[in-house]
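Q: Hi! I'm new to this one and would like a friendly walk through it. Could you show it to me first?

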Amino acid sequence: MINDTNIPSTLMEVNHLSIDYVTPGRPPAHAVEDVTLTLREGEVLGLVGESGCGKTTLMLSLMRLLPAAGRIVGGEVNFMGTDLLNLSETDIADVRWKRISMIFQGAMNALNPVRTVGDQISEAITQHIPMNDKTALDNRVGELLDLVGIAPHRKVEYPHQYSGGMRQRAMIAMALACTPQVVIADEPTTALDVMIQAQILELLQTLQQKLGLAIILVTHDLGLVAEMCDSVLVMYGGVTAEYSDVDTIFNEPKHPYTQELLKAFPDLSNPRETLASIPGYPPRLDALPPGCRFAPRCPAVFDRCHVEQPDIHAVTPTHYTSCHLVENS
Ligand SMILES: Nc1ncnc2c1ncn2[C@@H]1O[C@H](COP(=O)(O)OP(=O)(O)OP(=O)(O)O)[C@@H](O)[C@H]1O
Ligand SMILES: [Mg+2]
């Protein structure tokens with residue numbers, strides 16, 4: 001199915017992907033609409049945007065793990081030449097965890113409290129790769145723990161004997177158990193204190209370099225994006241507001257939403273500057289405004305924004321944004 005011998009430098013291409021949530025008796029919620037992105041080998045892509053803008057939905061769809069109400073209504077997810085959306089359940093199960101894995105939002109609380117961490121990592125391996133040799137399996141568990149900075153002898157301990165940071169490391173070990181090429185990290189450090197956050201991020205960075213992983217990092221933390229990411233996709237209300245390399249996003253943002261997000265981010269060189277916040281709320285995804293989804297909150301809004309949804313425009317071949325201002329300039 002997927003050919004390992006000739007791995008292209010582009011690992012994944014998401015083309016015009018749209019996802020609805022369907023609840024009986026209610027209009028569908030357009031949680032993701034027309035999102036296009038490319039992920040290359042070893043690339044770290046940052047996915048940012050306000051709470052509820054569709055980040056987790058988009059990520060779950062890449063692994064075909066959407067909740068029951070989620071429907072992919074258009075687009076494709078091309079992974080190494082295969083559209084994941086067309087694969088049978090058996091074939092997608094072969095991709096999940098082995099090719100693409102995910103560290104879930106709030107993952108560290110997902111460990112089973114009554115089983116040792118080592119057992120849970122063993123299971124993450126054997127569920128996907130048959131391994132009858134107990135010693136080899138034990139060694140692999142130790143190796144994975146060591147990789148994430150946990151002494152292998154602690155595999156016999158239970159989650160409550162681990163600190164929050166260690167539990168999160170154990171979840172990262174599980175995500176790496178089947179040597180994936182892509183790791184999706186959905187807010188991997190939320191709920192951890194800042195010191196531990198820094199350690200986990202350093203760990204992800206080291207692993208990324210050591211294993212040549214491609215990472216999609218979902219985060220609210222623009223500082224982290226600046227430090228870790230090669231490219232950034234900014235989502236607003238289910239659509240792509242802006243997508244480019246990290247330098248362009250930080251230095252030449254074109255979409256007023258990106259500009260406002262950056263203003264809301266502390267500038268260490270000018271700590272006295274007042275931080276801006278964006279007044280108003282994100283749109284209801286089951287009752288979207290007819291024009292641009294950001295129009296009701298946009299400081300640069302003009303008439304057309306209220307009636308016509310902007311298409312995605314290429315500012316340069318590597319910089320995309322959906323804003324009528326850019327179209328007009
Ligand atoms: N199972 C579901 N059924 C119906 N609607 C859902 C479901 N899961 C999410 N949604 C809706 O889809 C939208 C996108 O949710 P999603 O979890 O993808 O956002 P997010 O960007 O990851 O937010 P956060 O930053 O808070 O994690 C939200 O409006 C949410 O209410
Ligand atoms: Mg989320």
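A: Happy to. One term before we start: a residue is called buried when its relative accessible area is under 20%, exposed when it is over 50%, and partly exposed in between. Keep in mind that this is a predicted model.

Q: Thanks! Which residues of α3 are buried, then?
A: They are Val117, Gly118, Gln120, Ile121, Ser122, Ala124 and Ile125.

Q: Let's look at α4. Where does arginine 140 lie?
A: Arginine 140 is part of helix α4, which covers residues 134-147.

Q: Is arginine 140 buried or exposed?
A: Arginine 140 counts as buried because its relative accessibility is 18%, and the cut-off for buried is under 20%.

Q: What does arginine 140 touch?
A: Setting aside residues up to four places away in sequence, arginine 140 touches Ile125, Met131, Leu176, Ala177 and Thr179. One of these, Ile125, is also among the buried residues of α3.

Q: Changing topic: what surrounds ligand 1?
A: There are 15 residues around ligand 1, and the closest are Ser51, Gly52, Lys55, Thr57 and Gln105. The shell is made up of 5 nonpolar, 7 polar and 3 charged residues.

Q: Which helix gives the largest share of that shell?
A: That is helix α1, residues 55-62, which contributes 3 residues.

Q: Which atoms of the protein lie by the oxygen atoms of ligand 1?
A: Serine 51 has a polar side-chain atom 2.5 Å from an oxygen atom of the ligand. In lysine 55, a side-chain N or O atom is 2.7 Å from an oxygen atom of ligand 1. Glycine 54 takes part through its backbone, with an N or O atom 3.1 Å from a ligand oxygen atom.

Q: How much of ligand 1 does the protein cover?
A: On its own, ligand 1 has 640 Å² of accessible area, and the protein covers 66% of that.

Q: OK, another spot. Where is histidine 306 found?
A: Histidine 306 sits in helix α10, residues 303-307. Histidine 306 counts as partly exposed because its relative accessibility is 41%.

Q: What is histidine 306 in contact with?
A: Leaving out neighbours within four places in sequence, its contacts are Pro290, Gly291, Ala295 and Val301. Proline 290 is 16 residues from histidine 306 in sequence, and their C-alpha atoms are 6.5 Å apart.

Q: Which residues other than glycine have a positive phi?
A: Two examples are aspartate 34, with phi of about 60°, and tryptophan 97, with phi near 70°. Aspartate 34 lies in strand β2, residues 29-40, while tryptophan 97 is in the loop between α2 (89-95) and β6 (100-103).

Q: Last one: where in the protein is confidence highest, and where is it lowest?
A: Confidence is highest in strand β10, residues 239-245, at a mean pLDDT of 98, and lowest in helix α11, residues 324-328, at 84. For the protein, the mean pLDDT is 90, and 94% of residues reach 70 or more.

Conventions:
Residues are numbered from 1 along each chain as its sequence is written. Chains are lettered from A and ligands numbered from 1 in the order in which they are written. This is a predicted model: local features need pLDDT of at least 70, side-chain atom pairs count only at pLDDT 80 or more; totals for chains, interfaces and linings use all residues. Side-chain values use heavy atoms; hydrogens and water are left out. A residue is near a molecule or strand if one of its heavy atoms lies within 4 Å of it. A polar contact is a pair of N or O atoms within 3.5 Å; within protein, one must be able to donate a hydrogen and the other to accept it, and residues adjacent in sequence count only if both atoms are side-chain atoms. Accessible areas come from the Shrake-Rupley method with a 1.4 Å probe; for residues, only the protein chains shown count as cover. Helices (H or I, at least four residues) and strands (E, at least two) are DSSP runs, numbered from the N terminus. Ala, Val, Leu, Ile, Met, Phe, Trp, Tyr, Cys and Pro count as nonpolar, Asp, Glu, Lys and Arg as charged, and the others, Gly among them, as polar. Buried means under 20% relative accessible area, exposed over 50%, partly exposed in between (1.4 Å probe, protein chains only). Contact means heavy atoms within 4.5 Å. pLDDT is the predictor's confidence in each residue, from 0 to 100.
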